[in-house]
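Hi,

Here is the structure I promised to pass on to you. Have a look at it first, and then read on for what turned up.

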Amino acid sequence: MDYTFLLELALILLFTKGFGILMKRLGLPQVVGAIIAGLLLGAAVWSPLTGGAFVPVRESETLSIIAEIGVVMIMFSAGLETDLKELKNTGLVATLIAALGVVVPLGLGFAVAIPFFGVSDFKAVLSCIFIGVIITATSVSITVETLKELGKLKGKVGTAILSAAIIDDVVGIVILTVVMGLDNPSGVGAGAAAFDVILKTVLFFVCAIGVGILLNAAFRWLVKKYPHRRRVPILGLAVCFLYAYAAEHFFGIADITGAYLAGIILSNLKETGYIEHKVDVGSYMIFSPVFFASIGIKTTFEGMTPSVLLFAALFVLAGIAGKIIGCAGAAKMCGFGAKDSMKIGVGMIARGEVALIVAQKGVEAGLVPTVYLSAVIALVIISSLLAPILLKVLFKSDAAKRLPAANGGV
């Protein structure tokens, strides 16, 4: 056995943690640091310098398996964090904001991709749609951390942003599932393929929710009988992996969809926080860092032409403009003022783990060449920088306007 993977894991953990701490001190999400660490360890930096003779961490099957476990655990945690009551309370407002926050970026992404991928055949059209899919999902974690820091998480604007971000993550994952399913080598016509995918998707959700109701009841009994016991999160993680496997194996649905739904099924238990904490420990210690670092490790700047650079610039612009136009426009339609609408639009621009996960799935399916991952990484870094900065400016300007009025009344 070649034990090089142990050295590679050590390097990944050291670099991701080191750069994560640096990003946190700079007021940025730690995921940005993990991606940068992967870039610095992988072929993107070292191949041009050494001609490929030396690369600290290379792509390998071992790292790919660990990264896949990481992405499944991340999406399971995202499902556990989903507040179903919050979604019900925000209702149609958050749904409309999320809907336009998906449709507008999807349309802009599709338009940006056409000159680069073309629409000459069904595969090319799917690639263009997939570019739009990548920029549909908002990063809930980045948005939450920013609003927490500003003390605005529980306000009207904060609730609208958080609920809409959760909804458009769900919608984005469903669209991903359909697009991935349409990319089939069976030679079935587009109409028949679409019907087959939609049927399998509906069947999956019906079966998963039906079984989920029983599982939820079983876990309620388990939590009551064995409160705060490690067997509960262990069994929860087993459900996560079973759902992820069943989604891929029986329904042809992305494994992350199954993992996410498994998390939602267990999201309303008394011990949900305990399950989430235990799962996060395992994910945070090794699997999650390897996944985010693997994005950077797999990224290559070979074939980085002026055309690819132009695509990256337009892609980032479409990603940011799409969320602001779609979400701010929807908020204005729902009765929010101009300033609050802009806050909602800006609060939705951050991209993170979901965009990276979707992009990686597209690369694996052959819908997007690896070189285009650099555009997604650029979007994650730039949007992660812009969202906290612009939100602070918008909320600060409100505070500054209220201050003179308060002073004048003394």
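To start, is Tyr 245 buried, partly exposed or exposed? Tyr 245 is partly exposed, because its relative accessibility is 45%. Please keep in mind that this is a predicted model.

**Aromatic rings**

There are eleven aromatic pairs in total. One of them is formed by Phe 117 and Tyr 372, a tilted pair with 5.2 Å from centre to centre and 40° between the planes. Phe 117 belongs to helix α5 (residues 84-117) and Tyr 372 to the loop between α15 (353-364) and α16, so this pair ties together parts that lie 255 residues apart in sequence. Tyr 372 has a relative accessible area of 11%, so it is buried.

Tyr 245, from the opening question, pairs with Phe 250. Their arrangement is edge-to-face, with the centres 6.0 Å apart and the planes at 85°. Phe 250 is exposed, as its relative accessibility is 56%.

Ring pairs also build a cluster, made up of Phe 116, Phe 117, Phe 311, Phe 315 and Tyr 372. Elsewhere, a charged side chain meets a ring: Arg 231 lies over the face of Tyr 226, 4.2 Å from the ring centre.

**Salt bridges**

The structure has three salt bridges. In one of them, Lys 361 meets Glu 68, with 3.0 Å from N to O. This pair links distant parts of the chain, since Lys 361 sits in helix α15 and Glu 68 in helix α4 (residues 61-81), 293 residues apart. Lys 361 is buried, because its relative accessibility is 7%, whereas Glu 68 is partly exposed at 23%.

Lys 361 also forms a salt bridge with Asp 255, and here the closest N and O atoms are 3.0 Å apart. Asp 255 lies in helix α11 (residues 255-265) and Lys 361 in helix α15, so the pair ties together parts 106 residues apart in sequence. Both Asp 255 and Lys 361 are buried.

Lys 343 is buried at 3% relative accessibility, while Asp 340 is partly exposed at 28%.

**Two buried spots**

Thr 138 is in the loop between α6 (122-134) and α7 (140-150). Its relative accessibility is 0%, so Thr 138 counts as buried. The side chain of Thr 138 makes a polar contact of 3.5 Å with the side chain of Lys 323. A polar atom of the Thr 138 side chain also lies 2.9 Å from the backbone oxygen of Met 348.

Gly 132 is part of helix α6 and is buried too, with a relative accessible area of 0%. The C-alpha atoms of Gly 132 and Leu 106 are 3.9 Å apart, although 26 residues separate the two along the chain.

**On the surface**

Leu 390 belongs to helix α16 (residues 373-408) and is partly exposed, at 31% relative accessibility.

Happy browsing, and do write back with any questions!

Best wishes

How values were computed. Residues are numbered from 1 along each chain as its sequence is written. This is a predicted model: local features need pLDDT of at least 70, side-chain atom pairs count only at pLDDT 80 or more; totals for chains, interfaces and linings use all residues. Side-chain values use heavy atoms; hydrogens and water are left out. Helices (H or I, at least four residues) and strands (E, at least two) are DSSP runs, numbered from the N terminus. Buried means under 20% relative accessible area, exposed over 50%, partly exposed in between (1.4 Å probe, protein chains only). Rings of Phe, Tyr and Trp (its six-membered ring) pair if their centres lie within 6.5 Å; planes under 30 degrees apart count as stacked, over 60 as edge-to-face and the rest as tilted. A charge sits over a ring if NZ of Lys or CZ of Arg is within 6 Å of the ring centre and within 35 degrees of the ring normal. A polar contact is a pair of N or O atoms within 3.5 Å; within protein, one must be able to donate a hydrogen and the other to accept it, and residues adjacent in sequence count only if both atoms are side-chain atoms. A salt bridge is a side-chain nitrogen of Lys or Arg within 4 Å of a carboxyl oxygen of Asp or Glu.
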